[in-house]
Amino acid sequence: MVVSLSRQGNVGIITVDHPPVNAISAAVRAGILEALAQAQADGALEALVLAASGRTFMAGADITEFAKGPAGPTFHEVCQALEAAPKPIVAALHGTAFGGGLELALCCTARVAVPSAQVGLPEVKLGILPGAGGTQRLPRLVGVAAALDIIVSGDPVAAPQAAKAGVVDALIEGDLLAGAVAYAQSLLAKGQPYRRVRDITIDPESIPADFFAAARARFAKERRNQFAPQKIVDAVEAAVVLDIDAGLERERALIAECFVHPQARALQHVFFAERQVAKIPNLAKETQSRPIAKVAIIGAGTMGGGIAMNFANAGIPVTLLEVSAEGLERGLGVVRKNYEASAAKGKLTAAQVEARMAHITPTLAYSDLADADLIIEAVFETLDVKRQVFQELDKVAKAGAILASNTSYLSIDTIAQYTTRPADVVGLHFFSPANVMRLLEIVRGEKTAPDVLATSLELARRIKKIGVVAGNCHGFIGNRMLEGYGREANLLVLEGASPAQVDKVLFDFGMPMGAFAMSDMAGLDIGYRSRKERQLTNLQARAGRVGDKLVEAGRLGLKSGAGFYDYAPGSRTPMPSDATAQIIAQVQAGEGISARKIDDQEILERCFFALVNEGLKILGEGMAYRASDIDIVYINGYGFPAYRGGPMHWAENAIGLKTLLERLQHYAAQTGAPWWTPAPLLERLVSEGRSLASI
Ligand SMILES: NC(=O)c1ccc[n+]([C@@H]2O[C@H](COP(=O)([O-])OP(=O)(O)OC[C@H]3O[C@@H](n4cnc5c(N)ncnc54)[C@H](O)[C@@H]3O)[C@@H](O)[C@H]2O)c1
């Protein structure tokens with residue numbers, strides 16, 4: 001029985017018991033209706049409590065029904081039945097009352113919650129809107145502005161805040177059910193009429209005339225290119241101008257528009273991709289992960305300090321090793337500054353800052369790493385330094401310790417050879433800033449043991465990252481794909497587009513910033529040095545020519561106040577630069593290129609098709625387990641818009657594999673550049689009429 005009715009005196013308790021998260025499946029909906037009918041018919045019961053057992057109140061709709069289509073009683077029938085019940089109903093919330101869970105609670109007479117509970121309407125994260133009355137009832141309960149913020153953000157609201165806002169009527173310290181029953185008694189004591197959310201009307205006069213226009217404009221900026229947030233504004237506006245039944249109808253029409261929009265499909269793809277990504281194919285069932293209680297990090301630079309913060313935040317003690325006391329002091333200073341910045345924003349208390357700092361123990365001695373379960377190296381990016389470090393680690397690390405490298409490009413197999421235990425060596429590639437970026441590439445060397453991969457994936461979850469397993473190739477998944485994207489952006493500029501034109505196309509597509517603004521931010525000297533160190537063909541080198549000349553002219557990017565763009569003193573806003581335009585013209589003259597007008601479509605195609613073609617090569621070579629893993633890398637490591645589903649989903653659904661193949665062939669024929677050769681996997685998929693998911 002997924003739903004049961006029990007009694008405490010004159011209060012009936014309807015309990016949903018549908019592990020793990022009490023998803024509101026057809027059986028749950030039918031069960032609630034049945035329990036409600038029984039309770040109504042029972043003359044001894046005067047009030048009701050709607051509760052759920054296990055770790056949470058109903059945490060939302062059953063998302064698997066999205067694909068299958070609904071069966072059994074609809075959400076609306078359950079909402080209507082709860083709302084129409086003559087006996088008052090108190091929803092007793094614990095855990096996460098999200099989505100449909102909160103919408104059902106909004107149909108009850110009152111809501112009580114334990115302080116640790118969270119409420120929220122996360123539908124926007126799936127490209128839709130709350131479709132069971134959330135957009136109509138929440139504004140009636142908490143006001144239009146607060147409701148809009150909750151619904152458009154999709155973020156959880158902690159019970160104490162929810163109580164302040166008016167979503168929750170009372171916080172219950174101690175036993176939730178007892179508190180809910182007592183609250184139901186207090187409603188009975190106050191007597192009729194019981195407040196129903198549907199009966200609240202919003203006075204249109206209380207809302208500024210331009211409120212909804214301003215909201216649309218704000219979300220057009222903050223939620224750039226996104227469909228659902230605009231539809232949410234429409235729905236909330238309906239809560240003001242329409243009566244509840246007409247409003248609910250409007251909500252249904254608007255959610256239907258969202259459902260058929262490609263963004264909903266893309267975001268659902270991302271939702272399922274995130275659940276797939278931690279699965280290692282063919283992993284033996286008996287594989288146990290290794291316990292990680294102590295961590296050590298080598299190098300307290302840009303990455304090492306940020307990586308240490310992740311563990312300190314998760315309450316895992318970290319030992320941080322540097323070559324010099326100054327290096328340690330500098331590194332720890334940056335960590336402290338970061339924590340203090342969070343404290344200044346009210347995200348941490350002063351005591352929490354100290355507690356986290358206390359989790360990080362500085363050292364100069366390798367012998368202090370002997371008890372670490374995991375050691376992550378984040379020293380300079382040269383094989384020679386990595387070799388010294390790993391040879392040292394091999395001597396001091398305990399048996400079974402995982403030895404990880406944060407290298408961006410170097411071979412994990414080569415690094416593993418510096419030890420006598422290559423099975424324990426893995427790449428743990430964090431992204432900068434390492435305490436912020438959610439992606440963790442877990443690089444599988446040829447000899448990396450399966451339990452090391454499983455442990456790494458589990459650890460990623462523990463430190464609130466999303467781990468993606470990548471094969472050991474130059475740049476792994478993310479940076480390997482980025483190379484083609486950056487190369488095309490640069491070649492387009494050589495051929496006649498301006499950096500600002502290229503960046504605008506990339507930004508308008510949904511990237512957080514364009515390729516040149518990004519290069520300026522990272523520092524142009526990084527690419528410069530790496531080009532000097534590598535053997536590049538003439539064709540490859542050409543893409544770096546403008547960057548080389550800029551660096552040689554002292555334009556290193558944001559840090560020197562000038563790069564591809566000019567920057568006013570103290571400003572981070574890129575401004576088109578005449579000096580850069582001159583350098584571009586010089587390089588064009590030197591290369592014998594006459595600038596042409598380049599249209600935006602070509603920019604879009606060349607940057608993203610180069611990126612996707614490399615992704616297909618990576619997939620074909622088995623360097624990623626699934627196309628959807630590549631999507632997760634790009635969304636979480638590079639800011640690729642989630643509402644486009646990631647580059648692979650976008651290529652397949654918005655472009656089509658056949659069209660992609662034709663365009664790659666076109667650019668290959670036009671340029672003769674080897675990198676435009678279509679990935680063999682793409683040719684195979686197109687000729688066999690198969691999809692990316694079929695691999
Ligand atoms: N910066 C990024 O955006 C980024 C992103 C992902 C990965 N990485 C990789 O992370 C690694 C570190 O990069 P970073 O940007 O933090 O460099 P960094 O120069 O900021 O820091 C490196 C630190 O390592 C220390 N160090 C050098 N040799 C050492 C040794 N033998 N023992 C102990 N400490 C030593 C240095 O004193 C320095 O503090 C590199 O492999 C890099 O490719 C960097």
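Residues are numbered from 1 along each chain as its sequence is written, and side-chain values use heavy atoms, with hydrogens and water left out. Because this is a predicted model, local features need pLDDT of at least 70 and side-chain atom pairs count only at pLDDT 80 or more, while totals for chains, interfaces and linings use all residues.

I take rings of Phe, Tyr and Trp (for Trp, its six-membered ring) as a pair if their centres lie within 6.5 Å, calling planes under 30 degrees apart stacked, over 60 edge-to-face, and the rest tilted. By this rule there are 13 aromatic pairs. One of them joins Phe608 and Trp650 edge-to-face, at 5.7 Å centre to centre and with 65° between the planes. That pair links distant parts of the chain, since Phe608 belongs to helix α25 (residues 600–620) and Trp650 to helix α27 (residues 647–655), 42 residues apart; helices here are DSSP runs of H or I with at least four residues, numbered from the N terminus. Phe608 is buried at 1% relative accessible area, and Trp650 is buried at 5%, where buried means under 20% relative accessible area with a 1.4 Å probe, protein chains only.

Tyr634 and Tyr638, by contrast, are stacked, at 4.3 Å centre to centre and 15° between the planes.

Ring pairs also link Tyr485, Phe509, Phe608, Phe609, Phe640 and Trp650 into a cluster.

Finally, Arg224 lies over the face of Phe507, 3.5 Å from the ring centre, the criterion being CZ of Arg, or NZ of Lys, within 6 Å of the ring centre and within 35 degrees of the ring normal.

Notes
Helices (H or I, at least four residues) and strands (E, at least two) are DSSP runs, numbered from the N terminus. Buried means under 20% relative accessible area, exposed over 50%, partly exposed in between (1.4 Å probe, protein chains only).
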